[in-house]
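Hi,

Here is the structure I promised to pass on. Have a look at it first, and my notes follow below.

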Amino acid sequence: MSMTPAYPKAFWSEAIEVGLPAIDGQHKRLFDLAASFRGEGDQIRVMKTLATLCDYTNTHLREEEAMLQAIAYPDLSEHKQHHIRFRRMLHDFLEDSRSMTLDEIADRAEALINGWFYQHILTVDADYVPAVKAYEARKHALALARPPLSVARDTGWPGFGSDGLSPAYNPLPDACC
Ligand SMILES: [Fe+2]
Ligand SMILES: [Fe+2]
């Protein structure tokens, strides 16, 4: 049986909010899912919850990576390596779950989310927050500074698309998913 690294178990709280509502909502949802294993008492329901946990984790990791790609985060490849490790742990968990008791499954889900993932949010995720916030601030400042569309087109304002179309008028895409 593959093992999940041991970390002290912790619960979601505002103390681990990163201040990006979309990301915080996804993190909290994963803690809620991990908490829902305990006492389910039904093999089918537990396996369904496990599948949901794996799916939703993948959604979160994918959207977080897309957000970091959008802001050209310099440590993206290193961050992705952490996510790859997490995906591997989830994959092993799914494989192992076939021969685990319901209590063991609940323990392993908590070890992953309340242990490993909690630490990931506090350290690796927390590292990208200043970069995302700086990007959002820049985008906001650009939006305030930009001239009306017609003036931008006539004056060749830098944010305006070179093809004369407007989509590039706002040169910075949304960072947050
Ligand atoms: Fe992450
Ligand atoms: Fe995250």
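A quick word on terms: helices (H or I, at least four residues) and strands (E, at least two) are DSSP runs, numbered from the N terminus, and the expected span of a helix is 1.5 Å times one less than its number of residues. This is a predicted model, where local features need pLDDT of at least 70, side-chain atom pairs count only at pLDDT 80 or more, and totals for chains, interfaces and linings use all residues. Residues are numbered from 1 along each chain as its sequence is written, with chains lettered from A and ligands numbered from 1 in the order in which they are written.

The protein chain has five helices and zero strands, so the pattern along the sequence reads α-α-α-α-α. Of its 177 residues, 20% count as buried (20 or more other C-beta atoms within 10 Å of a residue's own; exposed is 12 or fewer, partly exposed is in between, and C-beta atoms are placed from the backbone).

Helix α1 covers residues 21-35, and its 15 residues reach 21 Å from first C-alpha to last, close to the 21 Å expected. Its buried residues are I23, H27, L30, F31 and A34. Down the axis of α1 they fall within an arc of 100 degrees, so they line one face of the helix (the arc is that of the directions from the helix axis to the C-beta atoms). P21, G25 and D32 are exposed on the other side of α1. The cover over the buried residues of α1 includes α2 (43-70) and α4 (102-145).

Helix α3 (76-97) has 22 residues and reaches 31 Å, close to the 32 Å expected. M89, L90 and F93 are its buried residues, and these also fall within an arc of 100 degrees, so they line one face of α3. The face turned away carries exposed residues, among them I84 and R88. Here too the cover includes α2 and α4.

Now the core (a nonpolar core is a set of buried Ala, Val, Leu, Ile, Met, Phe, Trp, Tyr and Cys residues joined through C-beta atoms within 7 Å). The largest one has 19 residues, and those with the most contacts inside it include A34, F37 and A109. Helices α1, α2, α3 and α4 each supply at least two residues, with the largest share, eight residues, coming from α4. A second, separate core of nine residues includes L20, I71, V132 and A175.

Cheers

Notes. Two residues are in contact if their C-beta atoms, placed from the backbone, lie within 7 Å.
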